[in-house]
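Here are my notes for you, written so that you can follow them with the model open beside you. Take the points one at a time and find each residue as you go.

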Amino acid sequence: MAGRIPKQFIDELLTRTDIVDVIDARVPLKKAGKDYKACCPFHEEKTASFTVSADKQFFHCFGCGVHGTAVGFLMDYEHMSFVEAVEELARRAGLAVPREGGAVAESSQDNGADLLELVSEAARFYRLQLREHPQSGRAVDYLKGRGITGETAHEFGLGFAPDGWDNLLRDLGKDDVSREALVRAGLAVKKENGGYYDRFRDRIIFPIEDYRGRVVGFGGRVLDKGEPKYLNSPETALFHKGRELYGLHHAREAVKRENRVLVVEGYMDVVMLAQFGVNFAVATLGTATTRDHLERLFRHAPEVIFSFDGDRAGREAAWRALENALPVLREGRQISFLFLPDGEDPDTLVRKEGREAFLARIKQALPLPDYLFDNLSRQVDLGRLDGRARLVELARPLLSKMPQGVLRQMMLDRLAKLSQLDAAKLPAMPSAAESAGRSRPPMRRTGGPQEPPSIVRRAIALLLQHPALAQKQASEFEMTELDLPGMPLFIELSALLKSSPGMNTASIIEYFRDSQHEQHLAKLVVWDYPSLVEDVETEFTGVVHRLAETSTRQKTARLLQKKDAGELSQTEKDELARLLSLKRDISRVSPSRH
């Protein structure tokens with residue numbers, strides 16, 4: 001069985017990682033006392049409540065509650081998996097990620113990391129075929145006929161898959177292991193009766209890159225009239241069409257400069273628009289725009305413009321995009337819809353009209369609120385009372401998908417005006433997040449415990465925020481049988497830190513990831529109870545002594561109760577005598593409390 005990433009390596013990685021550098025590279029931070037601050041990248045806000053602690057190597061937003069380590073930040077901000085986040089931090093630190101047992105990690109295969117080089121080699125193979133294969137003349141003629149220049153083809157890494165069943169297999173599939181890898185990468189297909197064949201044949205190849213510019217899949221456009229016209233890589237461990245967007249890596253700088261992103265339907269649309277200088281376009285990969293797509297796009301720009309054909313199929317696709325967009329649409333974010341003339345797409349239209357005319361069309365795109373209410377209004381008779389009531393019923397499930405906020409309230413006000421109903425009398429419309437019992441992000445909105453602190457909570461928080469204290473903890477007092485809430489966690493944490501003295505706060509949080517203690521520890525990381533920031537060593541010594549006293553009292557009481565009942569064994573009598581003596585010793589060394 002494949003190995004996992006050892007916990008010890010993650011501990012070491014986090015001690016070598018500066019979370020301030022990781023976050024500041026993506027969200028500019030400003031020094032604020034001993035910490036750093038910024039407006040939260042996970043929700044809209046005007047006053048910075050997103051705090052990054054260099055001491056704790058932890059981030060926390062006091063506005064929406066999102067929190068975590070450098071690993072957690074990459075997972076949330078970049079939509080990475082846990083393994084991808086660890087690998088990215090390791091790359092920054094110049095470390096190789098080890099695997100338990102020395103085997104290829106199960107997680108590496110699960111996340112496609114072992115396929116990246118193979119897919120990159122396939123992209124190089126397809127590019128080479130476009131230049132050198134005897135059949136490539138047809139492909140070059142096709143691209144020229146579509147108006148694609150050599151410079152544009154080179155910029156987007158376009159290639160050619162020659163006709164034939166095993167061109168790629170003969171080059172990259174020289175043994176059973178490599179052929180199976182090609183199957184897992186979606187580049188080859190395994191026959192039921194044995195043998196393999198190339199998935200892409202006689203097609204123009206469009207490499208699909210992830211947000212880091214790594215090739216993760218391919219799209220193939222047939223040269224003649226074969227079917228399907230476009231063929232995408234299948235879902236693999238490396239490629240997920242509901243998450244990736246064609247052209248996003250190329251468009252990142254332009255999107256940032258324009259502060260908007262145009263979503264089109266085809267690879268050729270993206271390529272041709274870029275050739276004409278409209279280089280802030282991306283395309284979905286043969287699927288409706290997903291919530292993952294939108295969250296990724298809104299991290300790059302506050303405005304998303306969808307371009308669709310003006311025919312019935314295009315408008316149906318636009319409505320699906322609207323429904324998927326409502327849950328992520330809040331103030332500060334804008335979505336518009338551009339409907340093109342029948343029979344036209346961005347590729348043909350920008351060639352026919354030119355860049356400036358196409359940009360002028362974008363300016364006329366229909367804002368989502370207008371599109372939503374125009375579409376619904378056409379389905380009812382607003383001149384009738386029951387027609388206006390029908391409008392309210394049609395709008396309810398849509399507006400209920402929106403998160404609470406100013407934009408949602410303005411949409412409700414618009415509905416009230418159209419229905420000629422007082423806004424206060426509209427039927428209750430809980431948000432989708434409220435209906436589900438939570439909102440994004442899933443972490444609890446808290447800045448730490450609100451109730452009076454227990455002694456165990458203080459002990460855990462002290463160890464968590466100052467892990468070096470564990471090395472000063474006396475081991476003479478036994479607390480394993482102490483019956484207090486939280487003691488099992490305190491004991492486990494103490495043992496962990498004593499066995500791994502180099503761990504920091506971030507390492508502890510990652511150690512307990514996905515455990516029953518994760519949320520509780522996340523609250524205690526940001527807890528600012530006064531005693532935790534003053535003389536922490538004295539405070540911790542006092543807390544440990546109080547826990548030892550309590551443990552001794554509890555066990556002594558149990559044994560005295562058994563003594564009164566005449567049930568003590570000789571071993572228990574000896575233990576009771578030891579505890580009574582220990583109780584006297586604790587009283588002598590226990591620090592005074594005022």
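**Notes on side-chain contacts and strands**

1. Let's begin with charges: the structure holds 25 salt bridges, a salt bridge being a side-chain nitrogen of Lys or Arg within 4 Å of a carboxyl oxygen of Asp or Glu. Please keep in mind that this is a predicted model, where local features need pLDDT of at least 70 and side-chain atom pairs count only at pLDDT 80 or more, while totals for chains, interfaces and linings use all residues. Residues are numbered from 1 along each chain as its sequence is written, and side-chain values use heavy atoms, with hydrogens and water left out.

2. Look next at Glu88 and Arg91, whose side chains form a salt bridge with N and O 2.7 Å apart. Both belong to helix H4 (residues 82-93) and are three residues apart, about one turn of the helix. Helices here are DSSP runs of H or I with at least four residues, strands are runs of E with at least two, and numbering goes from the N terminus. The terms mean under 20% relative accessible area for buried, over 50% for exposed and partly exposed in between, with a 1.4 Å probe and protein chains only.

3. A second salt bridge joins Asp176 to Arg179, with the closest N and O atoms 2.7 Å apart. These two sit in helix H10 (residues 176-184), and because they are three residues apart, about one helical turn separates them.

4. The closest N and O atoms of Arg333 and Glu295 are 3.3 Å apart, and both residues are buried.

5. Now for the rings: there are 24 aromatic pairs. Rings of Phe, Tyr and Trp (its six-membered ring) pair if their centres lie within 6.5 Å; planes under 30 degrees apart count as stacked, over 60 as edge-to-face and the rest as tilted. Phe200 and Phe218 have ring centres 6.3 Å apart and planes at 70°, so this pair is edge-to-face. Phe200 is in the loop between strand E8 (196-198) and strand E9 (203-209), and Phe218, 18 residues away, is in strand E10 (residues 215-222).

6. Compare that with Phe206 and Tyr267: with centres 5.1 Å apart and planes at 15°, the pair is stacked. Phe206 lies in strand E9 and Tyr267 in helix H12 (residues 267-275), so parts 61 residues apart in sequence are tied together. Phe206 is buried at 0% relative accessible area, and Tyr267 counts as buried at 5%.

7. Strand E3 (residues 50-53) runs antiparallel to E4, joined by four bridges; strands pair if DSSP finds at least two bridges between them. Across this pairing, Phe50 stands opposite Cys61. E3 and E4 make a hairpin with four residues between them, and Gln57 in the turn has a positive phi of about 55°.
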